[in-house]
Every structure is written in structure tokens, then in C-alpha cells.
Amino acid sequence: MMATDMQEGAKIEQLSHMSADDIEVIAGREKEQLEGWVPELATEAEVKEAFEKAFDYRGDITVTKKNGEKVEGYLFDRRLGATLATSFIRIIPVKETTKLNIAYSDVAALAFTGRDTAAGKSFDAWVKKYWEKKAAGEKNIQIEPEKLD
């Protein structure tokens with residue numbers, strides 16, 4: 001479930017009454033599960049928020065343009081202008097090297113279709129895997145990242 005501005009505001013208000021020492025050990029912001037999400041793009045604010053989340057996403061997205069064309073790829077940049085027509089996403093399509101600029105106003109739909117390559121890859125998970133291997137008696141073990149397909 002996505003956090004609303006009201007929920008974010010309530011959390012900030014709550015944190016403003018805590019000491020620096022208390023905040024230092026507080027749990028971090030919960031990571032949103034975006035993989036598979038198809039956001040509503042009904043308002044200008046929803047369009048902007050969806051592209052901000054897409055920019056932070058570590059997987060591919062699929063953009064359906066208003067002319068019906070679909071572009072699947074990695075959103076590596078976005079440029080916010082005064083209007084949706086002057087705001088652009090920059091995307092590298094799958095299996096291509098040419099970067100595309102697509103105006104926010106040309107987008108009919110957005111879907112988070114690719115696997116989030118960082119999902120579940122916390123340092124704690126790596127350390128846990130190391131200690132499991134060590135407890136099983138394995139020797140010469142290392143903490144290594146998973147292969148990316």
C-alpha cells in the first residue's frame with residue numbers, strides 16, 4: 001500500500017517530538033513493493049508521483065504512449081518542467097542503446113513490469129546467509145551478490 005501525503009505528514013509530525021538519539025535507532029521507512037504496480041494517472045499530481053517512483057525503481061517499466069506505442073525499458077532520468085507537456089522521462093529501451101525522451105503528457109499508462117533487482121537484497125539478508133553457511137560448516141565462504149539473470 002502506498003503512503004499518502006497525509007500519512008507522511010503524520011509520521012514527520014511524530015518524529016518532530018522525538019530526540020535525536022531516539023530517531024537514530026528508529027526503523028527506516030518501509031520499502032514500497034512497486035513490482036507489478038500499475039498506477040492511476042488521472043491527475044497531474046498522480047502522474048508526477050508515479051514518475052518519481054519509477055525513477056527510484058531498479059527494474060524496467062512499460063510506458064504506453066497515447067498513440068498506442070509501448071516502450072519497455074529503464075527510466076534513468078526525468079526532467080520536471082512547468083507543465084506535463086514540458087516534463088520528460090528519459091528511458092533506455094530494452095535491448096537498445098538509444099535513449100528516448102517522452103513527454104509526461106504523451107503517456108497514457110505506466111506499469112512497473114520488470115523485476116526490482118534490489119528487492120530483498122538488504123545487507124542483513126547477506127549477513128544472515130553468511131552465518132547460515134558458517135553454521136553448516138562451510139569453509140572459505142564469502143558474501144556475494146546474486147546474479148542478475
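The mean pLDDT (the predictor's confidence in each residue, from 0 to 100) over the chain is 80, and 74% of the residues score at least 70. The structure is a predicted model, in which local features need pLDDT of at least 70 and side-chain atom pairs count only at pLDDT 80 or more, while totals for chains, interfaces and linings use all residues. Residues are numbered from 1 along each chain as its sequence is written, and side-chain values use heavy atoms, with hydrogens and water left out. Where pLDDT is low, the predicted coordinates should not be read in detail.

We can turn next to the sheet. Five strands make up an open, antiparallel sheet in the order E4-E3-E2-E1-E5; strands count as paired if DSSP finds at least two bridges between them. Strands E4 (100-103) and E5 (107-111) stand at the edges with a single partner strand each, so one side of each has no neighbour in the sheet. On average, neighbouring strands are turned by 45° against each other, direction ignored; axes are lines fitted to C-alpha atoms, for helices over the stretch in contact, and angles run from 0 to 180 degrees between N-to-C directions.

Strand E1 (residues 61-65) is joined to E5 by four bridges, with Val63 opposite Leu110. Helix H3 (residues 44-56) packs on the sheet and touches E1, E2 (70-79), E3 (88-93) and E5, its direction making about 95° with that of E2. Four bridges also link E1 to E2, where Thr64 faces Lys70. The hairpin of these two strands has four residues between them, and Gly68 there takes a positive phi near 95°. E2 and E3 share six antiparallel bridges, with Gly73 opposite Pro93.

Lys65, in strand E1, is buried (under 20% relative accessible area, against over 50% for exposed and in between for partly exposed, with a 1.4 Å probe and protein chains only), at 19%. Beyond four places in sequence, Lys65 contacts (heavy atoms within 4.5 Å) Val71, Ile102, Asp106, Val107 and Ala108.
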